[in-house]
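This briefing covers a ligand site and the nonpolar cores of a protein. Please look over the sequence and the structure before reading the points below.

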Amino acid sequence: MNMPFKAAPPIVLPSDQDASGRTLGDDEIALITEAIRSGTLTVTKGTFAKRFESGFAQAVGSQAAHACSSGSAAIHCAISAINPEPGDEIITTSITDMGALTPILYQGAIPVFADVHPLTGNVTADTIAARISDRTKAIIVTHLFGNPCDMTAIGELARSKNIPIIEDCAQAFLAKHAGKAVGTFGAAGCFSLQQGKHITTGEGGIVVSDDPKIARHVFLFINKAWGYGDPNPDHYFVALNYRMSELQGACALGQLPKLAEVVVSRQAGAKRLTADLQEIPGVTPPHQEANDEPVFWKYAVQVDPEIIPGGAVALAKSLKEWGIASAPRYIQKPAFRCQVFSEQRTFGNSRWPFTLARPEAVDYSAELFPGTFHYLERVLVLPWNEQYTTEHLDYIARAVRFCAEALVEGGTK
Ligand SMILES: Cc1ncc(COP(=O)(O)O)c(C=O)c1O
């Protein structure tokens with residue numbers, strides 16, 4: 001493409017925030033109607049969420065799955081199942097959603113942030129190894145934007161230290177590393193069914209595990225630790241009501257058969273866009289390792305500020321004129337710069353559990369996080385969903401090329 005042209009008016013891209021970019025339809029309506037007609041809206045008595053759970057476990061290739069109220073709840077369940085002592089450390093990533101982090105504090109553990117790979121934004125075996133101590137109780141990895149972490153190397157490291165891994169797969173439904181679905185490498189895999197995820201129930205989550213003890217604990221944690229079905233049930237430990245409702249279960253059951261196709265569509269779209277974004281000065285398509293199959297929750301490019309004046313922020317501003325709402329810096333700042341961590345704002349004025357932390361565990365000095373700062377400065381997150389047509393994809397490619405080249409040439413176009 002030698003001479004890109006500017007389209008006017010801008011194309012309206014499908015959005016994952018409404019029907020245009022979602023797969024919600026008659027199947028979900030029929031199932032939700034059936035749930036309402038049944039008069040049973042609690043999962044403790046109904047069958048919809050249960051059917052979703054067994055279908056989801058099968059889709060991912062896991063022994064068990066338990067649905068819950070959100071991705072944050074899913075992470076909380078998994079951490080509780082690991083059962084940290086107050087002050088135990090859980091290694092996590094500096095680039096993730098807050099819902100993957102605050103459950104660590106609610107379970108009395110200390111989040112210890114690992115740096116990320118400068119090209120993927122994912123934690124690596126090396127960045128995790130640098131934060132392991134004799135108090136490390138678990139490792140949580142986030143497969144950012146649906147691009148798998150290196151679970152071969154991270155798995156080896158964790159096994160050698162006997163530390164369980166929790167996989168945050170909120171953005172990574174059916175993503176594969178070395179031919180195996182993410183969520184099945186660690187002790188538990190946690191997914192979010194929030195509005196913008198690959199499949200959605202508006203809000204919702206699900207935890208998979210091959211370990212019967214972990215799966216049982218997750219089930220109990222979702223249910224106020226009440227031993228449903230036990231001969232002498234009790235509330236066995238501290239836990240909350242993290243159930244989804246049958247309405248969400250019915251919706252999820254309608255969404256599940258569409259998941260594989262959603263993933264294929266997102267992957268095909270990404271392949272086309274990546275081919276079209278080659279050799280644009282200063283713009284690098286998403287990094288992908290040969291043995292990974294990412295599923296593109298979003299399409300995150302890297303923008304080199306040394307080539308494109310103003311970097312990702314300037315490119316985002318130009319793309320807005322084309323009607324493309326991209327997000328430079330993704331979460332804006334490393335998670336450890338949020339007040340909950342930097343000011344240790346937790347329970348009353350106690351700062352607990354940070355009061356139990358080793359100083360090194362809560363050292364958030366910038367020098368410890370070169371990959372994180374590099375990645376956040378360059379990342380530009382393009383909106384993405386399964387309803388993009390070739391027309392949409394070609395429009396995005398044209399827009400990125402035009403805007404990048406215009407910025408490089410100093411706005412002469
Ligand atoms: C990586 C990651 N982890 C956890 C969560 C939390 O999920 P939820 O918003 O469903 O609580 C999200 C959701 O946005 C996420 O993207």
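How far is an oxygen atom of the ligand from an N or O atom in the side chain of serine 192? In this predicted model, the distance between them is 2.7 Å. The points below take the ligand and then the cores.

**Ligand surroundings**

- There are 14 residues around the ligand, and Gly71, Ser72, Asp168, Ser192 and Lys197 come nearest.
- By type, the shell around the ligand holds nine polar, three charged and two nonpolar residues.

**Polar contacts and cover**

- Lysine 197 has a polar side-chain atom 2.8 Å from an oxygen atom of the ligand.
- For glutamine 171, an N or O atom of the side chain is 2.9 Å from a ligand oxygen atom.
- On its own the ligand has 390 Å² of accessible area, and the protein covers 91% of that.

**Nonpolar cores**

- In soluble globular proteins, nonpolar side chains tend to be buried together.
- Here the largest nonpolar core has 41 residues.
- Ile128, Val141, Phe145, Ile154, Phe341 and Tyr375 are the residues with the most contacts inside this core.
- Elements that each supply at least two residues of this core include strand E4 (136–142), helix H6 (151–161) and helix H12 (370–378).
- Isoleucine 154 is in contact with Val123, Thr124, Ala125, Ile128, Val141, Cys149 and Ile165, leaving aside its neighbours within four places in sequence.

Key. Residues numbered from 1 in each chain as written. Predicted model: local features only at pLDDT ≥ 70, side-chain atom pairs only at ≥ 80, totals over all residues. Heavy atoms only, no water. Near = heavy atom within 4 Å. Polar contact = N/O pair within 3.5 Å; in protein donor to acceptor, adjacent residues only side chain to side chain. Areas by Shrake-Rupley, 256 points an atom, 1.4 Å probe, with all protein chains shown as cover. Nonpolar A, V, L, I, M, F, W, Y, C, P; charged D, E, K, R; others polar. Core = buried A, V, L, I, M, F, W, Y, C linked by side-chain atoms within 4.5 Å. Buried < 20%, exposed > 50% of the residue type's maximum accessible area, 1.4 Å probe, protein only. Helix = DSSP H or I, 4+ residues; strand = E, 2+ residues; numbered from the N terminus. Contact = heavy atoms within 4.5 Å.
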